[in-house]
Amino acid sequence: MTAAVMTDRAAYVPPANYKLSAAGLLRSEWTKLWSLRSTWIVLLCAVVFSAGLGALISSSVPNDQAVGGADVALSFSMAGISLSSVFVAVLGILTVTGEYSTGSIRSTMSAAPKRLSVLWAKAAVFGAVVAVLFGAMVFLTFFMTQAILSDTELGSVSLSDEGVLRALLGWTAMIVYLALLALGIGAILRNSAGSIGFYIGVIMILPQLAGLLPWSWVDDVTPFAPGNVANTIAMVDTTGADLSLGQSWLWMGIWLVVTFGLAGVLLKRRDV
Amino acid sequence: MIRRRARRTVLGMIEIEHLTKRYGKKTAVDDLTFAVKPGVVTGFLGPNGAGKSTTMRAIVGLDAPTSGLARVNGKHYSEFRSPLTEVGALLEAKSVHAGRSAYKHLLALARTHGIPKRRVNEVIDLVGLHEVAGKRVGGFSLGMGQRLGIAVALLGDPAVLILDEPVNGLDPDGVKWIRLLLKGLASEGRTVFLSSHLMSELAQTAEHLIVIGQGRLLADTTVDAFVSGSGQASVRVVSPDAARLAEHLAGPGITVSSPERGVLEVTGTEASVVGQTAAAHGLVLHELRTDRGSLEDAFMQLTADAVEYRQTTEGANR
């Protein structure tokens, strides 16, 4: 022990080369996401259901079904994708609520005490993973199912047909939007069961039931519900849609801003 | 004109100023003020529910104080550009996702600060988790969870260590190990602040002591002063001639009691005097020991007073 340490006991200086950074937080969230078995299981299920259900439903289309058009053909293809979006939404919820239920949020927030950057990093990493995975799955499923449908009266749809490429990218964007919305809900409610219940009940099912309610104004607002606003961007022919393409994107943005704004405010204010 | 610099915060100092934290109507911490200095192990003593954890959570910014301040190096924890190198904290064992391996948990935290994998492996070896580092934390025992928590606290090689009940669940070897580890870290000039409700544990590890009860400061003193200032040391004697020895020991200021046959507890004198008395009269001793372990008693006295005080004030307000 040196004399300096003896006289000034506060001589310990921590390492200067370790710094908290945005890139570090992104890498950390990446590590956290892939180090859980549940991520692999859920995403594998999503892939299997996307392709499997799409193929199964497409191959069971009656040969003589001729009515429909591109949107019907696409809806057969994407049946599995829309189911898989639920898996992905649940995984999005769990990336946040899992930290609260296990207590690992305390470690996380001790490392990044400004907190908000953790939320952005989680959303960015999860959004990017979903975008890449579903970007691939949407197109893979599309080509596979259209090959199956080409033998039917309905006929296959080509990527070069007008609006098809846009609709497929729209499907991908819709899944990413729903995944992020779910993650934001998880950050607001902080509880796995509550968040999953809210997502399935309020985001997915309630807008479907709303049409049964006796008030006419409900029909007017239902298209603007967070679970419905993305529908238009996944259509090949948007002429009959409740929202225009532009409105669809705008409202997706609004709901994400509202959700993450609320999540951010609550994250800053509440004790961990 | 000579202007003296205003009192500066010492590097590594933890300062708690008028800290109050209420959860709803319940006051967990009540106007608490104290400082923890670097270079020594400081114990944080109090019964369960005294507000130890709440205070520690406030220091690392997990709980926002209702009023008052909790600062390290004169800064609020969230102002640090590299929090993990400033303060390492073990708050609750298993602040870890049960499905993640110990290695990945540490790696994920390390990545936020650009801490290399080499350092992750270093702390894993240091806490003795090498063999189970790749296993899911869900299967860890309480002791293994504590070791992982200590690894997390040490990850950034921080200047300040805050450990909430680090000894809980550790086996005797582990307890000895952490005692030496903490003393070593403090001797390097770091600030080491650990809480416990086990008074005997802190007596062996800490030099300084902060005692709280019901969220209030009861004592801020050295361990030696705390023990000697409250309980008297007593001498315990085991002898087949206990009755005769008791007669010879009797004198002004000396009390002799016999909790069981053949055993004496003597206060007001010292072991050396008891030994000499026995030798002078040719009495056989089987055991002669000074009991300073009255930290428990001292602590009970303090907290009992605090409870009484609170109850009378509450009664007056009613």
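Q: In which helix of chain B is the place of B:Arg179?
A: The model is a predicted one. Chain B has eleven helices and 13 strands. Residues 172-187 of chain B form one of these helices, and B:Arg179 falls in that range. The element is helix α6.

Q: Is B:Arg179 buried, partly exposed or exposed?
A: Within 10 Å of B:Arg179 there are 17 other C-beta atoms. A buried residue needs 20 or more such atoms, whereas an exposed one has 12 or fewer. The count for B:Arg179 lies in between, and therefore this residue is partly exposed.

Q: Leaving aside neighbours within four places in sequence, which residues is B:Arg179 in contact with?
A: Contact requires C-beta atoms within 7 Å. With its neighbours within four places in sequence set aside, B:Arg179 has as its contacts B:Gln204 and B:Thr205.

Q: What percentage of the residues in chain B is buried?
A: Chain B has 318 residues. Burial requires 20 or more other C-beta atoms within 10 Å. The buried share of chain B is 45%.

Q: How many nonpolar residues are on the side of chain A that touches chain B?
A: The contact draws 46 residues from chain B and 36 residues from chain A. On the chain A side, α2 (22-34), α3 (37-59), α5 (79-102) and α6 (104-111) each give two or more residues. By class, this side has nine charged and twelve polar residues, and its nonpolar residues number 15.

Notes: Residues are numbered from 1 along each chain as its sequence is written. Chains are lettered from A and ligands numbered from 1 in the order in which they are written. This is a predicted model: local features need pLDDT of at least 70, side-chain atom pairs count only at pLDDT 80 or more; totals for chains, interfaces and linings use all residues. Helices (H or I, at least four residues) and strands (E, at least two) are DSSP runs, numbered from the N terminus. Two residues are in contact if their C-beta atoms, placed from the backbone, lie within 7 Å. Ala, Val, Leu, Ile, Met, Phe, Trp, Tyr, Cys and Pro count as nonpolar, Asp, Glu, Lys and Arg as charged, and the others, Gly among them, as polar.
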